[in-house]
Protein chains: 2
Amino acid sequence: MCELLGMSANVPTDICFSFTGLMQRGGKTGPHCDGWGITFYDGKGYQNFKDPNPSCESRIAQLVQQYPIKSCAVISHIRQANRGSVSLVNTHPFTRELWGHYWTFAHNGQLSNYQGLETGRFVPVGDTDSEIAFCWLLNQLEQRFATRPDDDALLFSFMAECCDQLRELGVYNMLLSDGDVVANYCTNNLHWITRRAPFGEASLIDEDVTIDFQKETTPNDVVSVIATQPLTNNEQWHRMLVGEMCVFKKGEVIYHREGTPHPEPQQGNEATSSQ
Amino acid sequence: MCELLGMSANVPTDICFSFTGLMQRGGKTGPHCDGWGITFYDGKGYQNFKDPNPSCESRIAQLVQQYPIKSCAVISHIRQANRGSVSLVNTHPFTRELWGHYWTFAHNGQLSNYQGLETGRFVPVGDTDSEIAFCWLLNQLEQRFATRPDDDALLFSFMAECCDQLRELGVYNMLLSDGDVVANYCTNNLHWITRRAPFGEASLIDEDVTIDFQKETTPNDVVSVIATQPLTNNEQWHRMLVGEMCVFKKGEVIYHREGTPHPEPQQGNEATSSQ
């Protein structure tokens, strides 16, 4: 399995703190040794860093941790390969153009019988289930809507239905962004938190780092972080349910579709994960 | 105008030396202050670094200079904006998928009357003449060849004809790669050099750096570097002619179309530029 990290904010915000926690899972506190990537949007443009080497040893990951790139929409991924070889072409996130915008995608999970998914003009370049799912999803969206619909509920309810179809093929946890919105879909492991005033302190689970967000923010800041597992041990993270979808814009939820409880009583019956 | 840098090699080779020379032109020895980018291929995958800030001040550019990323196909660009705002979305190189491969493009020059170019499914995201030209070129290639032709001469002679059409709109110097080949087209300023055994020393024009390639290479290495202006002052660079196109693969020229002499006698009548 892999680990996902996403952010949506109403002011350009760096993700150094959360990224530092995530990177430790890339071969140090976690087994995710097969590369990592992160995409930062700035308006309609994006900046991407990728490395097929383990994140905890990566010079490029060090730069991203130390150099505060500020963005309102971020997608990141560290990989433990299950489908597809360990190589740059298979390293998430993947980016393609749709409706005149760049869409960026990362997936956690594993699909079966995905080879027959019809991807239309979105031809996969690598050989992962994830990239094929992404290409299929974009093709579905383009076939259904020739241009981006103004009605967000119409767009995202259709997107959720497409994600439901992918979930029928296996485990499908997703982050997807066009730089404006950050959409998340959960099969089994996805958590999010929204931080806003009054801000407090947070401590990473994976590294001995504490941050006082009050010193780093202004009172109007709203920042939502989405991650496979909670990254901090003193804040309350929402655990998403099966088939639940959230879409964030400027840090706020603008679309939400309910999920159903997780099948495993021992792990899944709590709506939130905290300690 | 902007500066282009490309490389094609038969073994994974770092471009730190040439990139160090190029980066000085981004606001220090040259006026190209409006961002920079570089794309390294590894097989069918690619790694991209971009920054809308001047390259000579960029932390990310420092990393790329110091961290030897080895690749057989590289495209780089530093920008002095003429068409389109200074922003990440307008920062070269641009990458799109065609025929199941990622194609990466950078342009030096300025076009007029480019707004009407038909780009088909390759919808531009930014607002530069360069990105529109790239999208138009990919659309021409896809319309002409449903899949990549096996015959390189057929493919690249058609590509050269498309580039000729773009040259009718203004100045069109181009680098284009799919990770396998690196194609170059010249209107007025493009130079290249192939380095092979016996290797010697080279000194950068823009920075007090000398490299002894014999220490960095093996006898079988073949490395071609393409740049807007020669980067070294003690080697012989080929100056490309008007409408000339060269396609490199593993460092060697695999396709060549002749050009015509440059119109300016004082700058253009020498086939090579050296000193």
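Trainee: Where in chain B is B:S58 found?

Mentor: B:S58 sits in the loop between β3 and α2 of chain B. Helices (H or I, at least four residues) and strands (E, at least two) are DSSP runs, numbered from the N terminus. Keep in mind that this is a predicted model, where local features need pLDDT of at least 70, side-chain atom pairs count only at pLDDT 80 or more, and totals for chains, interfaces and linings use all residues. Residues are numbered from 1 along each chain as its sequence is written, while chains are lettered from A and ligands numbered from 1 in the order in which they are written.

Trainee: Is B:S58 buried or exposed?

Mentor: A residue is buried if 20 or more other C-beta atoms, placed from the backbone, lie within 10 Å of its own, exposed if 12 or fewer, and partly exposed in between. B:S58 counts as buried because it has 22 C-beta neighbours inside 10 Å.

Trainee: Which residues is B:S58 in contact with, leaving aside neighbours within four places in sequence?

Mentor: Contact means that the C-beta atoms, placed from the backbone, lie within 7 Å. B:S58 is in contact with B:W36, B:D51 and B:N53, once neighbours within four places in sequence are left aside.

Trainee: How do I read the packing of α1(B) and α2(B)?

Mentor: Angles under 35 degrees count as roughly parallel, over 145 as roughly antiparallel, 65 to 115 as roughly perpendicular and the rest as oblique. Helix α1 (residues 16-24) of chain B and α2(B) pack at about 150 degrees, with axes 8 Å apart. They are therefore roughly antiparallel to each other. B:C16, B:F19, B:T20 and B:M23 of α1(B) meet B:A61, B:V64 and B:Q65 of α2(B).

Trainee: What do the buried residues of α3(B) pack against?

Mentor: They pack against β5, β6 and α4 (152-167) of chain B. Among the buried residues of α3(B) are B:F134, B:W136 and B:L138.

Trainee: How many residues does each chain give to the contact between chains A and B?

Mentor: Chain B gives 25 residues and chain A gives 25 residues. On the side of chain B that touches chain A, the largest share, five residues, comes from β3(B).

Trainee: What rotation superposes chain B on chain A?

Mentor: Superposition is by least squares on the C-alpha atoms of residues with pLDDT of at least 70 in both copies. Here the rotation is 180 degrees, with 0.0 Å of shift along its axis (RMSD 0.0 Å). The two copies are thus related as by a two-fold rotation axis.

Technical notes
Contact = placed C-beta atoms within 7 Å. Axes fitted to C-alpha atoms, helices over the stretch in contact; angles between N-to-C directions.
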